[in-house]
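Here is a report on the strands and helices of one model. Please look over the sequence and the structure first.

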Amino acid sequence: MEIQSDNRAFGGRQIVASHPSEACGCDMTFGLYLPPQAEEGPVPLIWYLSGLTCTHENAMTKAAAQGWCAEYGVAMVFPDTSPRGADVANDDAYDLGQGAGFYVNATQAPWAPHFQMESYIADELPRVLFNNFPLDETLQSICGHSMGGHGALTLAMKHPGRFASVSAFAPICNPSQSDWGRKQFTAYLGEDADWEAHDATCLMRKGGIDAPVLIDTGTDDQFGDLLMTEELAGAMSEKRVEHSLRMQKGYDHSYFFISSFMEDHVAFHAEALWR
């Protein structure tokens, strides 16, 4: 692992690091904010999974998370959204290829050699983090935006007991039925794959979730038809899941929206982590 930068922020450290990834077959970069409390010992960790076109840097610089993480004594990691490099498959479209990994393990050519984002987030990057930084592996929560909200919800349901809480900003809720999902699942997994295994609404209907959920979506989200929020809301209600789904009046899909409610999300996770 190579530390690319290490900046003081709100009494803690904003780190950017890279490492060779076996899962993705290339170097991967992540951001990690360690609050000042980490100088005294391991702290809880919140995962933040970003959306389409983003890298590790977008939320790290735009989400206004560090100050709240320092106040509540929690760390936050900002992984990249896909493998990258000259040898990594890509596409001219913004919603496929580099920047659009969808947090799944691809099985189809040309994506399979590198696009193993589910394994990277669920297995490999945790080993890197917990082996190198003062983080408490028993205290984790997960959050995400848009494509990353899809990833946060599906990973939490696939790994019951790992995350104390789950939250999302404008998540893609029902990708197997949305143009933000069917295109990517066809490319990465194939037309005959079990898409429902990567769909938050389908997973919720089948098994629910063992952690409290907070979701914020803007009423003026320009991608609202692609998110299919109502489908997930119905599934959570059917399963009687502990959740809060808030439609925020006048907000869109941008980081102005995310930063406006970041304090609520960090506080929500901190309450679950520090119980």
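## The sheet

Nine strands form an open sheet: 9 strands in the order β1-β2-β3-β5-β4-β6-β7-β8-β9, with mixed pairing. Strands β1 (2-9) and β9 (243-248) are the edges, and each pairs on one side only. From one strand to the next, the twist averages 20°. Two strands count as paired if DSSP finds at least two bridges between them. Strands are DSSP runs of E, at least two residues long, and helices are runs of H or I, at least four; both are numbered from the N terminus.

The model is predicted: local features need pLDDT of at least 70, side-chain atom pairs count only at pLDDT 80 or more, and totals for chains, interfaces and linings use all residues. Residues are numbered from 1 along each chain as its sequence is written, and side-chain values use heavy atoms, with hydrogens and water left out.

## Parallel pairs

Strands β4 (residues 43-49) and β6 (residues 135-145) pair in the parallel sense, over 6 bridges. There, W47 has I142 of β6 as its bridge partner.

Helix α9 (residues 255-273) packs on the sheet. It touches β4, β5 (75-79), β6, β7 (166-169), β8 (213-218) and β9. Contact means heavy atoms within 4.5 Å. The direction of α9 makes about 175° with that of β7. Angles run from 0 to 180 degrees between N-to-C directions, and axes are lines fitted to C-alpha atoms, for helices over the stretch in contact.

## Strand β8

β7 and β8 run parallel, joined by 4 bridges. S167 has L214 of β8 as its bridge partner. β8 also pairs with β9 in the parallel sense, over 6 bridges. V213 is bridged to H243 in β9.

β8 is mostly covered, with 6 of its 6 residues buried (under 20% relative accessible area, 1.4 Å probe, protein chains only). In a regular strand the side chains alternate between the two faces of the sheet. V213, I215 and T217 point one way from β8, while L214, D216 and G218 point the other way.

## Helices α4 and α6

Helix α4 (residues 147-158) packs with helix α6 (residues 200-207) at an angle of about 30°, their axes 9 Å apart. That angle makes α4 roughly parallel to α6 (under 35 degrees). The crossing is left-handed: the near helix is turned anticlockwise from the far one by less than a right angle.

In α4, L153, T154, M157 and K158 meet A200, L203 and M204 of α6. By class, this contact has 5 nonpolar, 1 polar and 1 charged residues. Ala, Val, Leu, Ile, Met, Phe, Trp, Tyr, Cys and Pro count as nonpolar, Asp, Glu, Lys and Arg as charged, and the others, Gly among them, as polar.

Notes:
Parallel < 35°, antiparallel > 145°, perpendicular 65-115°, else oblique. Buried < 20%, exposed > 50% of the residue type's maximum accessible area, 1.4 Å probe, protein only.
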